[in-house]
Amino acid sequence: MSSEYPDAEIVVKTSRALTGPATKALTSRGLSDLDATERADKWLASAWEHYLRPNRDDHDLKAYFDCLQHAVAAKPDHPEALIRIAGAYARGEGVVKSRDECLRHLRAAEVVSSPALLCSMGFLLKIEFDWNCGGLWPEGWPEGMKESVRMFRKAAEQGHAQAQHTLGIMYVWGEGVSRDDKLALFWFSKAAENGEYPPAQDELESWRRKS
Amino acid sequence: MVKEIIKQLTAEEEELVAKREVLARLEVELADRELAFASLKAELSAFEGLYLRRVGILYAELDEWNARLAELRAEQEGTSEARTEAAQARAQAQESYSAAHGEAAEVQPFAPSPELKRLYREAAKRVHPDTATDEKDRARRERLMKEVNAAYAVGDEDAIRRILADLHNSPDAVQGSGVGADLVRVLRQIRQVRNRIAVIEMEISDLSQCDIARLKAKSDVASAEGRDLLAEMATSIEARVNSLRRTVESASKEVRK
């Protein structure tokens with residue numbers, strides 16, 4: 001832009017006024033949540049890199065936990081990061097085992113989890129978390145199973161088919177709840193109605209045949 | 001013998017012809033850039049509408065539950081701080097609600113037909129204010145250009161056709177008062193058009209930095225990967241909304257006791 005065209009310096013900011021400030025506020029919230037999620041996701045990816053090293057040692061686990069902390073710092077309500085941290089506290093991965101911290105992070109994750117994530121958390125609690133690990137809970141942790149049920153129930157109430165089906169199974173076997181065939185059937189029907197989870201249909205069929 | 005009279009163009013006349021060619025090329029370029037600018041504004045406006053309908057309303061819901069929670073707390077605690085917080089939360093909720101349900105949220109997807117674009121380009125060439133020859137002409141052209149832009153933004157081909165038809169019936173005012181004056185006028189027009197093209201480039205670059213443009217860029221990248229970014233954002237906010245709603249519901253049971 002040479003001095004021949006001085007008017008070009010004056011840029012009329014008409015384009016900025018697409019919409020009002022309140023709308024802009026909604027847009028920038030979305031954008032900053034996205035930015036925070038992207039940063040957190042990057043930290044989570046780094047965490048996984050450390051966790052999945054072939055000859056993983058304590059140093060790797062410490063780095064793993066550090067990355068998780070960074071992820072949560074970037075986005076305090078990032079459900080996956082919170083769940084991984086809860087697991088780290090349960091298994092002493094890169095940090096000293098702590099039941100309180102584990103539970104605290106699980107609660108925080110629960111609050112911001114979608115039904116799908118709640119269902120995953122239910123499975124984590126049911127299967128992966130070893131509640132007798134290293135004497136942290138020498139008598140085992142029966143509440144662990146109840147926590148698992150709670151997660152499945154939350155997801156089930158929001159219409160998640162797999163959670164509904166799994167909840168039904170837990171009523172069949174009395175895991176974390178008292179055995180209750182009626183409730184089991186109720187949840188199997190719900191899952192089958194949903195139509196998105198084929199195993200539920202089979203389950204319902206085999207139950208109908210039994211009774 | 002036939003005497004052939006060969007008219008020799010003066011240097012000035014040659015210059016006028018050359019500059020008229022330059023102006024003609026610039027007018028085509030200007031119409032192109034105006035089309036690009038108008039299209040960008042319309043696309044961003046449409047994306048903003050989509051964002052507000054799918055994500056904005058969820059933020060508004062979040063703010064609503066926050067407000068109810070703050071109001072419950074104010075009821076329970078009764079302190080002036082609690083009441084102030086409740087009032088602020090309520091104001092925020094109202095603001096978010098109006099933004100998410102206002103005019104901006106109603107803008108529909110923008111999909112200009114090739115015909116619409118062609119009509120716009122032609123109209124922009126014919127009525128652009130920066131090709132005006134005097135102030136009165138410029139004022140008239142500015143009015144027409146606004147109409148053309150408005151018609152383009154809502155996809156109204158007929159409106160643009162009408163404007164073009166009207167132009168046929170009222171020829172542009174051309175004051176011929178000698179080659180010298182014509183040359184001065186053409187040079188001024190060239191300067192105006194070049195100036196406007198530069199301004200448009202700056203505006204386009206400016207617009208591409210705004211929040212909604214950045215959001216759209218991220219959404220487009222996600223679509224290329226087969227992901228729906230707005231849906232992902234919605235899911236994440238819904239989880240927070242559901243959780244907050246449950247908190248409010250159980251807190252309100254406490255208050256009722």
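How much of the accessible surface of chain A belongs to carbon and sulfur atoms? The share is 54% of about 10900 Å² (Shrake-Rupley method, 1.4 Å probe, with only the protein chains shown counting as cover for residues). This is a predicted model, in which local features need pLDDT of at least 70, side-chain atom pairs count only at pLDDT 80 or more, and totals for chains, interfaces and linings use all residues. Residues are numbered from 1 along each chain as its sequence is written, chains are lettered from A and ligands numbered from 1 in the order in which they are written, and side-chain values use heavy atoms, with hydrogens and water left out.

**View 1. Chain A has 9 helices and 0 strands.** The order is α-α-α-α-α-α-α-α-α.

**View 2. Of the 211 residues of chain A, 44% are buried.** Buried means under 20% relative accessible area (1.4 Å probe, protein chains only).

**View 3. The second largest pocket holds about 670 Å³ of space.** Among its 29 lining residues, A:Leu34, A:Thr37, A:Asp41, B:Glu232 and B:Ser236 are the closest to its centre. A pocket is an open set of points on a 1 Å grid over the protein atoms alone, where a 1.4 Å probe fits, with protein on both sides within 12 Å along at least five of seven lines; lining residues have an atom within 4 Å of a point. The volume is the space filled by probe spheres set on the points.

**View 4. α8(B) gives the largest share of this lining, 8 residues.**

Conventions:
Helices (H or I, at least four residues) and strands (E, at least two) are DSSP runs, numbered from the N terminus. Buried means under 20% relative accessible area, exposed over 50%, partly exposed in between (1.4 Å probe, protein chains only).
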